Amino acid sequence: MNRKIRLVLITGLSGSGKSSVAKCFEDLGYYCVDNLPLPLLREFLSRPLELVEGHDQISVVADVRAPGFAEEFPLLVTEMDRRHLSVTLLFLEASEDALVRRFSETRRPHPLAGDRPLLDGIQQERELLADVRGAADLVLDTSDWSIHEVRSQVFREFAGEASDSGPIGPVVSLVSFGFKHGIPTGTDLLFDVRFMSNPHFVPELKGLSGQDAAVRQFLTKLDEYHELVQKVEELLLFLLPRYARENRSYVSVAVGCTGGRHRSVAVAEELASRLQKAQWSVRVIHRDIAR
């Protein structure tokens, strides 16, 4: 085996952001496993290459939700066969004030508090995990971090370990739609292409869509079609590296015409082709093409 499997073990204090960090690893292309019972976790860590075949990046979240975790987890880590694994133990923590605030905001119970005050559970967990923290390869204190700062830190530490399958960057969703059916929710960038001549009013094109060659031929005869596509492509190629720098996982680009069948579809298809040639990951959704 020429390359070791990258395995990140994520643990730490309840409320310190383990779930958020796990999502960051998913966005980095890791296969993520969360909160296995200790017997299953032992089995998984003993042969992850067999159980998650085909993945060379794996992250595992484990914490005190599993009974006996503080005593058993350090043993599981030392027992691992690391001949084909590059292992990082990542420990997350936060101040008592930050943890109390987070539990109060979410109104979720602390796993160790039971009927006792929240602060008792937090302090007990910190004491129980002292040895685990001491064994960690990397400790991150999330007390003063927003979710975006957590994401930036994880990407800063681990994006360099990303898979060779392709560059890290946002997935571009190109959504064609019709304004008369409403603007798609969650849109980051919106382009209105209703200024172009409408194939809907050409009898032989009315029943077709922007995916059909005849409609595309009609549109490519328009100077404004070429200018629009060129300018939007240039804008996206300017923006996408900057979105990537900010660790954005997804960018939604909506292209709208009146009904969402002709102009917006053709433009979205053309933009997708150009972005893919520029090595960006793209998916195309024609929301209203069948209306």
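In the predicted model, the largest nonpolar core comprises 32 residues, and Leu 7, Leu 9 and Phe 73 have the most contacts inside it. At least two residues of this core are supplied by each of strands E1 (5-12), E3 (57-61) and E4 (85-93) and by each of helices H2 (38-46), H4 (69-79) and H5 (96-106). H4 provides the largest share, five residues. When neighbours within four places in sequence are set aside, the contacts of Phe 73 are Leu 9, Thr 11, Leu 41, Ala 62, Leu 89 and Val 132. Apart from this core lies another, of 30 residues, which includes Val 215, Val 229, Val 232 and Val 251.

The packing of helix H11 (residues 223-245) on helix H12 (residues 263-277) was also examined. Two packed helices are described by the angle between their axes and the distance between the axes. For H11 and H12, the angle is about 45° and the axes are 10 Å apart. Angles from 65 to 115 degrees count as roughly perpendicular and those under 35 degrees as roughly parallel; H11 is therefore oblique to H12. The crossing of the two helices, H11 and H12, is right-handed.

On the H11 side, the contact involves Tyr 225, Leu 228, Val 229, Gln 230, Val 232, Glu 233, Leu 236, Leu 237 and Leu 240. These residues meet Ala 266, Val 267, Glu 270, Leu 271, Arg 274 and Leu 275 of H12. By residue class, the contact of H11 with H12 consists of eleven nonpolar residues, one polar residue and three charged residues.

Definitions and conventions
Residues are numbered from 1 along each chain as its sequence is written. This is a predicted model: local features need pLDDT of at least 70, side-chain atom pairs count only at pLDDT 80 or more; totals for chains, interfaces and linings use all residues. Side-chain values use heavy atoms; hydrogens and water are left out. A nonpolar core is a set of buried Ala, Val, Leu, Ile, Met, Phe, Trp, Tyr and Cys residues joined through side-chain atoms within 4.5 Å. Buried means under 20% relative accessible area, exposed over 50%, partly exposed in between (1.4 Å probe, protein chains only). Helices (H or I, at least four residues) and strands (E, at least two) are DSSP runs, numbered from the N terminus. Contact means heavy atoms within 4.5 Å. Axes are lines fitted to C-alpha atoms, for helices over the stretch in contact, and angles run from 0 to 180 degrees between N-to-C directions. Angles under 35 degrees count as roughly parallel, over 145 as roughly antiparallel, 65 to 115 as roughly perpendicular and the rest as oblique. A crossing is left-handed if the near helix is turned anticlockwise from the far one by less than a right angle, and right-handed if clockwise. Ala, Val, Leu, Ile, Met, Phe, Trp, Tyr, Cys and Pro count as nonpolar, Asp, Glu, Lys and Arg as charged, and the others, Gly among them, as polar.
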